[in-house]
Amino acid sequence: MREKTDAEVYFTPKQAAECFNLSLSTIKNYIYAGKLKTLITPGGHHRISKAELLSVLEAKVTVASVSETSDIQLAQVLCSALFNVFKTLGKPGDSFIIHGRKVSKIASDLSKALALSAKESKYIEMAALVHDIGNIGIDRRVILKAGLLTSQEYEFIKKHPGIGKELLNSMNQMQEIADIVSQHHERMDGKGYPEGLSGSIITKGARIISIAEAYDSMVSEYSYKSPVSKDMAIAELIQHKGTQFDADMVEVFVKII
């Protein structure tokens, strides 16, 4: 039973673990590490006050929350720095910058409409911003080419998701973003690239960005293409839902766009 001393509630280690949904080993580790103060009974047993345990757990949650926030903030700084690399490409780089910003905004809106967590939405927003960052590792003559690409040049372009993943994985706070970036050209039917992933194996973030990127590419005017109407772009997404795009996400996107 729980014991009371001076109106305070005390637990045995086992009772504390059960009450706060923790493992007994976690409670014992806190005690042995000196992070959890206890009373020792005449028989040499530990007794833990409820107030002490709540204080320790609250501190742990606060530290984790601060650490998580710091990681996200650092990832944002790194994304912004990487994004600005596109400026070295001159005018073609401006297209990547404009496209990245638009896709990021659309992906953020869709993430929220899908009721994803604030943390997950933020990482998807950042991944969308730098989803094309792998292009800086492609031959500049291909990236800067004004006309249509040859089949061989297109194969070079298809390497950019993998290059982007490698680049992002080289930075500690960017692993959350790397897989999303590497998969944004995968398709629900497995006919995408670079790995031919399919269905739910593809991360939610990549499936969201796939829709956002396709929509912006269709409705915006870039040097390599003329825009189509919003209705035509939506019709294209609907036509390819379930094959190229996540069907449920397309349904939500059509409602919010």
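1. A residue is called buried here when its relative accessible area is under 20%. In this predicted model, buried residues account for 39% of the 257 residues of the protein chain. The accessible surface of the chain is about 14,200 Å², and carbon and sulfur atoms hold 54% of that area.

2. The protein chain has 12 helices and four strands. Of the contacts between residues at least 6 apart in sequence, 57% join residues at least 24 apart.

3. The largest nonpolar core has 47 residues, and the members that touch the most others are Val130, Leu168, Met174, Ile177, Ile209, Ile211 and Leu237. Two or more residues come from each of helix H3 (50–83), H4, helix H5 (118–129), helix H6 (140–143), helix H9 (175–182), H10, H11 and H12. H10 is the main contributor to this core, giving seven residues. In general, nonpolar side chains of soluble globular proteins tend to be buried together.

4. Leaving out neighbours within four places in sequence, Ile177 contacts Ala75, Cys79, Tyr123, Met126, Ala127, Val130 and Leu168.

5. Helix H8 (residues 160–169) has His160, Pro161, Gly164 and Leu168 as buried residues. Viewed down the axis of H8, its buried residues fall within an arc of 100 degrees and therefore line one face of the helix. Leu168 is also among the residues of the largest nonpolar core that touch the most other members.

6. There are nine salt bridges in the whole structure. One of them joins the side chains of Arg207 and Asp246, at 2.8 Å from N to O. Arg207 belongs to helix H10 (residues 204–219) and Asp246 to the loop between helix H11 (230–239) and helix H12 (247–256), so this pair ties together parts 39 residues apart in sequence. Both Arg207 and Asp246 are buried.

7. Asp109 pairs with Lys105, with the closest N and O atoms 2.6 Å apart. Both residues of this pair, Asp109 and Lys105, are in helix H4 (residues 91–113), four residues apart, or about one turn of the helix. An α-helix has 3.6 residues a turn, so residues three or four places apart point the same way. Asp109 counts as partly exposed because its relative accessibility is 32%. Asp189 forms a salt bridge with Arg187, the closest N and O atoms being 2.8 Å apart; at 29% relative accessibility, Asp189 is likewise partly exposed.

8. The structure holds two aromatic pairs. Phe86 and Phe96 are stacked, with 4.8 Å from centre to centre and 15 degrees between the planes. Phe86 is in the loop between H3 and H4, and Phe96 is in helix H4, 10 residues apart. Phe86 counts as buried because its relative accessibility is 1%, and Phe96 counts as buried at 16%.

9. The other pair is edge-to-face, because the ring centres of Tyr215 and Phe253 are 5.2 Å apart and their planes stand at 70 degrees. Tyr215 is in helix H10 and Phe253 in helix H12, so the pair ties together parts that are 38 residues apart in sequence. Tyr215 and Phe253 are both buried.

Key. Residues numbered from 1 in each chain as written. Predicted model: local features only at pLDDT ≥ 70, side-chain atom pairs only at ≥ 80, totals over all residues. Heavy atoms only, no water. Buried < 20%, exposed > 50% of the residue type's maximum accessible area, 1.4 Å probe, protein only. Contact = heavy atoms within 4.5 Å. Areas by Shrake-Rupley, 256 points an atom, 1.4 Å probe, with all protein chains shown as cover. Salt bridge = Lys/Arg side-chain N within 4 Å of Asp/Glu carboxyl O. Arc of directions from axis to C-beta. Core = buried A, V, L, I, M, F, W, Y, C linked by side-chain atoms within 4.5 Å. Phe/Tyr/Trp six-rings, centres within 6.5 Å; stacked < 30°, edge-to-face > 60°.
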